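Here are some notes for a colleague who is about to look through this model.

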Amino acid sequence: MKNRYTCLTLSLFIALSSISMSNAFAQDEAFLDKLQYDSLLYFANEANPRNGLVKDSSRPGAPCSVAAVGFSLTAMCIGESRGWIDRDKAYERVIRTLKTFRDDVPNERGFFYHFLDMRTGARTWDSELSSIDTALFLAGALFAGEYFKGTEIERIARDLYERVDWPWMMNGRSVMCMGWKPRSGFLWYYWDSYSEAMILYALAIGSPTHPISKEAWQAWKRPVDTYNGYEVVYSTTGSLFTYQYSHAWIDFRKLYDGGINYFDNSVNATRANREFCIDNATQHKAYGENSWGLTASLGPDGYKGYGARPGDGFNDGTIAPSGMAGSIVFDPDTVLIGLKYLKDKHNSFLYGKYGFKDAFNLDRHWWAEEYLAIDVGITMLMVENFRSGLVWNKFMKLDTVNRWKDLCLDREKPKSLKVQIPVDK
Amino acid sequence: MAKRRNYFINKKFQLKYTLSIVAILAVVMIASGAGVYFGMWGSIIENFSQFKVSQNLETAKRIADYEDARFRKGDYRLNRIFREAELLSAQQQDALKNALEAVNRSLLPKVVILAVAIFLAGIVISHKVAGPMYSIERSAEAIRRGDLSVNFKTRKGDEMKDASSALDNMVEALHNDFARLKTAGSVLDERIRDIESRINKEDALRLKDIVKVIGGVLAKYKT
């Protein structure tokens with residue numbers, strides 16, 4: 001009799017737990033659904049429908065950012081896959097955008113300028129021909145080509161990619177230059193250390209028409225440091241976006257580079273970033289176990305490359321929700337809890353028509369009024385990768401990616417890994 | 001030759017055409033002016049409005065921020081001020097250049113359309129003068145050949161209606177006079193035949209020759 005009661009109680013507990021877990025899952029899905037849908041609205045509303053160019057930020061008068069267009073092209077496909085946009089409309093927007101870049105937007109050897117006039121597509125704000133922004137645009141274009149495979153979109157995306165003269169941007173060096181200006185020539189700055197530029201090197205090395213040497217992949221530095229036991233191949237700024245942007249399109253989970261798995265590296269960087277915020281919670285009101293994410297964002301004194309350790313990133317108590325959201329694939333449970341916490345706690349100040357606004361700083365009682373396209377974009381893409389892996393699955397099928405993998409990465413999983421996620425954490 | 005003092009020979013006619021030309025040119029000027037104003041001044045006013053300048057200042061600051069964050073230039077206040085000023089200046093130069101190019105682009109088709117309009121208007125207006133002129137030329141040629149039955153036709157809206165009417169009256173008067181002369185010639189010829197037996201034969205022949213000459217000249221004219 002006693003055993004029967006025990007069994008009944010246990011069954012009831014399991015049933016209730018299942019219902020509770022199922023409810024929690026449904027709530028998380030609803031939350032992410034809304035976050036993605038609202039993010040998509042940015043790319044639907046803050047774009048010029050005649051040419052597909054996307055504003056750098058929701059601020060009136062903001063120019064188009066080429067990188068933002070790359071995120072937008074990807075977001076349109078995600079929106080279509082989730083049934084939020086008709087296929088015809090998504091196709092129309094994507095192809096119009098690609099034709100704008102093929103026919104109207106000025107380029108130099110296939111590279112695009114960082115900022116464009118929203119109406120005409122002309123270079124604006126004395127901006128540089130940007131290697132990384134061109135790469136982020138092309139990542140979006142190639143993904144869209146794979147998504148709408150066999151259509152004109154795939155052909156135009158390939159043409160845009162194949163016309164890029166990547167070796168020219170090397171400027172005779174072993175690493176790629178950040179940019180070039182018509183009057184002054186190549187910039188003084190190079191992608192010479194771990195950063196968001198892995199996708200730039202992948203596209204440049206994998207090019208079927210103008211590839212750079214595979215040695216360029218090994219030429220950039222991979223500095224390693226540790227924070228609270230988390231070993232990280234770190235970027236100079238320690239900004240979370242540097243550990244996220246390449247991962248938005250490239251699935252690094254099973255890729256190894258001389259014993260480094262960059263997915264695990266980003267897991268460690270994400271956790272180190274969170275611990276850095278927890279450790280500094282006494283100094284900054286916004287920092288805490290559920291309120292973290294130091295990444296380049298707006299702040300009370302303008303846009304800054306906020307970051308944590310490892311790295312020498314600047315921090316002043318400003319938190320960007322996109323820093324957290326962009327890391328959802330690296331630490332899903334912690335990120336979900338944090339995002340829901342931020343929305344519940346600061347909803348009226350922090351959450352608006354396009355999802356999370358860019359940043360906030362409780363020490364200065366400052367709340368961003370704006371949304372930044374690339375921050376909304378990384379949120380959109382990474383949440384989709386977390387939920388369905390759509391962007392990764394499509395992008396990893398590209399011949400370009402396979403060429404780069406074959407040329408630069410380890411053939412099989414190494415026996416010893418250089419960056420390991422601590423087991424006891 | 002005396003110097004002409006009265007320039008309004010036909011005041012109504014001259015004023016009408018002067019005003020037509022002025023009206024066409026006014027349309028051209030208004031269209032061009034509107035193009036320039038709304039194209040160039042519109043762009044300049046928009047680009048340099050307080051709102052836009054404020055937006056541009058914000059954007060210049062933002063772009064400089066992006067450059068600092070990406071290139072890690074360091075926040076040296078003086079460098080930043082120079083960089084923001086440089087960005088603003090470049091942007092304003094672009095705005096002016098774009099405004100001028102936009103005006104050129106918008107004016108070119110307008111100028112072509114206006115040129116075609118002026119050409120067509122010229123044909124229509126000149127036709128109203130050239131038509132009656134051609135009619136006068138043909139009628140004068142017919143009169144030279146002796147046809148006094150012609151008239152100087154004009155269409156609705158044609159110019160030179162008064163001149164045509166005066167010429168019609170002149171031809172009609174000539175027609176009547178010549179008809180009377182023909183009648184008088186016939187009567188004279190009959191009278192000479194009546195009196196031929198009573199007068200000197202030589203005089204009769206002389207009179208007949210005169211009547212023959214008059215009859216020959218009058219026979220040329222259709223009345």
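1. In chain A, strands β12, β15 and β16 make up an open sheet in the order β12-β15-β16, with antiparallel pairing; strands here are DSSP E runs of at least two residues and helices are H or I runs of at least four, numbered from the N terminus, and two strands pair if DSSP finds at least two bridges between them. Because β12 (318–319) and β16 (366–367) of chain A stand at the edges with a single partner strand each, one side of each has no neighbour in the sheet.

2. The model is predicted, with local features requiring pLDDT of at least 70 and side-chain atom pairs counting only at pLDDT 80 or more, while totals for chains, interfaces and linings use all residues. Residues are numbered from 1 along each chain as its sequence is written, and chains are lettered from A and ligands numbered from 1 in the order in which they are written.

3. Within that sheet, β12(A) is joined to β15 (residues 360–361) of chain A by two bridges in the antiparallel sense, and I319(A) faces F360(A) of β15(A).

4. A hairpin is formed by β8(A) and β9(A), with two residues between the strands, and N228(A) in the turn has a positive phi of about 50 degrees. The pairing of β8 (residues 224–227) of chain A with β9(A) is antiparallel and runs over four bridges, with D225(A) opposite V232(A). Strand β9 (residues 230–233) of chain A is covered on both faces, since Y230(A) and V232(A) on one side and E231(A) and V233(A) on the other are all buried (20 or more other C-beta atoms within 10 Å of the residue's own, the C-beta atoms being placed from the backbone).

5. For chain A, the domain assignment (automatic or from a database) gives domain 1 (36–214) and domain 2 (222–425), whose C-alpha centres lie 22 Å apart. In contact are 39 residues of domain 1 of chain A and 40 residues of domain 2 of chain A, contact being C-beta atoms, placed from the backbone, within 7 Å. On the domain 1 side of this contact in chain A, α2(A) gives the most, with seven residues.

6. For chain B, the assignment gives domain 1 (10–144) and domain 2 (147–223), and 67 Å separate their centres, taken over C-alpha atoms. The contact takes ten residues from domain 1 of chain B and 14 residues from domain 2 of chain B; on the domain 1 side, helix α3 (residues 77–144) of chain B supplies the largest share, nine residues.

Methods. Two residues are in contact if their C-beta atoms, placed from the backbone, lie within 7 Å. A residue is buried if 20 or more other C-beta atoms lie within 10 Å of its own, exposed if 12 or fewer, and partly exposed in between; C-beta atoms are placed from the backbone.
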